[in-house]
Amino acid sequence: MLEERTGFKFGDEDITLLGKDVKVGDKALNFKAINDDKVFDFYKETDGKIKIISVVPSLDTSVCSIQTVKFNAEAEKFSNDIVIISVSDDLQFAQKRFKDVKKINNITFVSDHINMDFGEKYGVLIKELRLLNRSVFVIDKDNYVRYVEYVKQNTELPNIKNAINEAVKLV
């Protein structure tokens, strides 16, 4: 049975997050998701990199789009030591369409829609909606969590600047 956490909202609705509350200093758990119709293994695909994981409920909404576009713009300034992964429950074709339309070239998109492996392990699975709660994680090269933000209201952006600053400090 997954831990249940309250105190979060999706618009006017109270929501419950399923999974453990990840904290700074925790070992980041490996997860598997889908990237362009193949399995994405977090540890394998990001080995030796500083990781920013940007989590959005659905790329087809305005706040999720803004969050992703902002992270993509910041990523243009990064060294090769930092990678950004966008995790959502969107199907792969929707992620690809979004990436192409918005000309996103600096983010790896992965879909958690099949097994919800990421959502459960990182405590972002919304019980009532089977979507992911907006959040950001920064993980160092040794896979330790260095920054966490679970957004309390999904209609609001995370603090992108704080996440970027934390990642850059790790280079």
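Contact means heavy atoms within 4.5 Å. The legends below describe a predicted model, in which local features need pLDDT of at least 70, side-chain atom pairs count only at pLDDT 80 or more, and totals for chains, interfaces and linings use all residues. Residues are numbered from 1 along each chain as its sequence is written, and side-chain values use heavy atoms, with hydrogens and water left out.

**View 1. Helix α2 against helix α5.** Gln67, Lys70, Phe71 and Glu74 of α2 meet Ile160, Ala163 and Ile164 of α5. By class, this contact has four nonpolar, one polar and two charged residues (Ala, Val, Leu, Ile, Met, Phe, Trp, Tyr, Cys and Pro count as nonpolar; Asp, Glu, Lys and Arg as charged; the others, Gly among them, as polar). The axes of α2 (residues 62-75) and α5 (residues 160-169) come within 11 Å and cross at roughly 30 degrees; axes are lines fitted to C-alpha atoms, for helices over the stretch in contact, and angles run from 0 to 180 degrees between N-to-C directions. Helices (H or I, at least four residues) and strands (E, at least two) are DSSP runs, numbered from the N terminus.

View 2. Strand β10 (residues 135-139) pairs with strand β11 (residues 145-150) in the antiparallel sense over five bridges; two strands pair if DSSP finds at least two bridges between them. Ile139 has Val145 in β11 as its bridge partner. Five residues lie between the strands of this hairpin, and Asn143 takes a positive phi near 70 degrees.

**View 3. The largest nonpolar core.** This core has 26 residues, and those with the most contacts inside it are Phe31, Phe42, Ile53, Phe118, Tyr122, Phe137 and Ile139. A nonpolar core is a set of buried Ala, Val, Leu, Ile, Met, Phe, Trp, Tyr and Cys residues joined through side-chain atoms within 4.5 Å, where buried means under 20% relative accessible area (1.4 Å probe, protein chains only). Strand β2 gives the largest share, three residues. Leaving aside neighbours within four places in sequence, the contacts of Phe42 include Phe31, Ile53, Tyr122, Ile139 and Asn143.

**View 4. The open sheet β1-β2-β8-β9.** Four strands form this sheet in the order given, with antiparallel pairing. Because β1 (4-10) and β9 (131-132) stand at the edges, each with a single partner strand, one side of each is left without a neighbour in the sheet. Strands β8 and β9 pair over two bridges, and Leu125 has Leu132 in β9 as its bridge partner.

Conventions
Buried means under 20% relative accessible area, exposed over 50%, partly exposed in between (1.4 Å probe, protein chains only).
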